[in-house]
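Dear colleague,

I am passing on a structure that I would like you to look through, and my notes on it follow below. Please read them with the model open beside you.

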Amino acid sequence: MRVLIAEDERMLADSIAEGLRGEALAVDVAYDGDAALERLGVHDYDVLILDRDLPSVHGDEVCRTVVERGWLVRVLMLTAAGDVRSRVTGLSLGADDYLPKPFAFEELVARVHALGRRARRADPPMLERAGVRLDWAHRQVFREGRYVPLARKEFGVLAELLRAQGAVVSAENLLEKVWDEHIDPFTNTVRTTMMKLRKKLGEPQVIETVPGSGYRIP
């Protein structure tokens, strides 16, 4: 899942980003409305965490633009105003969910995951293929019953391959969904991560390389 945080309180934005990356999500950060709209126009995000009181372009206007342009991103609006009237206003602008500040990080994570499931076809609690089982709730992976400890990016790559249900997933798509915008598109990061993932999953190999196209678990 790829998330954009639009929040002008830099310490809060960076703290949320760090926490969500710990959940194996790809996270970008924008500190004002202009930057948020620029990133939304370039990347296909699953969830937008949107502070309502953004500088340069107000969060309300960002939300309106998302709706008007038909972007499929789900919007979780944050605001210091937690009264009913403010919540109703935020939702009427097109936000999918609303969370008043201050909030518990665990609740934010739960709401982001819930919106992410709505942004695309919901994943089952377990993804399984070719003897590999991925447990979303516990962030665990097993190969033929053997526990496989994976780093965050390895877990994200494996999740995308299992979601594809045998279809080929390109390196570009993996970069888009598993890494954030700071990754060099010409890097060999995907190949390196794939080598480590294959080694940890063990023999016989379950991930195939499709020359010129990408990777798949047949």
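Angles under 35 degrees count as roughly parallel, over 145 as roughly antiparallel, 65 to 115 as roughly perpendicular and the rest as oblique. Helices (H or I, at least four residues) and strands (E, at least two) are DSSP runs, numbered from the N terminus, and their axes are lines fitted to C-alpha atoms, for helices over the stretch in contact, with angles running from 0 to 180 degrees between N-to-C directions. The model is a predicted one, in which local features need pLDDT of at least 70 and side-chain atom pairs count only at pLDDT 80 or more, while totals for chains, interfaces and linings use all residues. Residues are numbered from 1 along each chain as its sequence is written, and side-chain values use heavy atoms, with hydrogens and water left out.

Helix α2 (residues 33-42) packs on helix α3 (residues 59-68) at an angle of about 20°, with the axes 10 Å apart, and the two are therefore roughly parallel to each other. Gly33, Leu37 and Leu40 of α2 meet Val62, Thr65 and Val66 of α3, where contact means heavy atoms within 4.5 Å. By class, this contact of α2 with α3 has four nonpolar, two polar and no charged residues (Ala, Val, Leu, Ile, Met, Phe, Trp, Tyr, Cys and Pro count as nonpolar, Asp, Glu, Lys and Arg as charged, and the others, Gly among them, as polar).

In a second pair, the axes of helix α6 (residues 152-163) and α8 come within 10 Å and cross at roughly 85°, which makes α6 roughly perpendicular to α8. On the α6 side the contact includes Val157, Leu158 and Leu161, and on the α8 side it includes Met194, Leu197 and Leu201. The residues of this contact of α6 with α8 divide into six nonpolar, one polar and four charged.

Some backbone details also deserve a look. Most residues other than glycine have a negative phi, and most peptide bonds are trans. Glutamate 144, although not a glycine, has a positive phi of about 50°, and it lies in the loop between β8 (140-143) and β9 (146-147). The peptide bond from lysine 101 to proline 102 is cis, with omega near -10°, and proline 102 is found in the loop between β5 (97-100) and α5 (105-119). Glutamate 203 and proline 204 are likewise joined by a cis peptide bond, with omega about -10°, and proline 204 has its place in the loop between α8 (189-201) and β10 (208-210).
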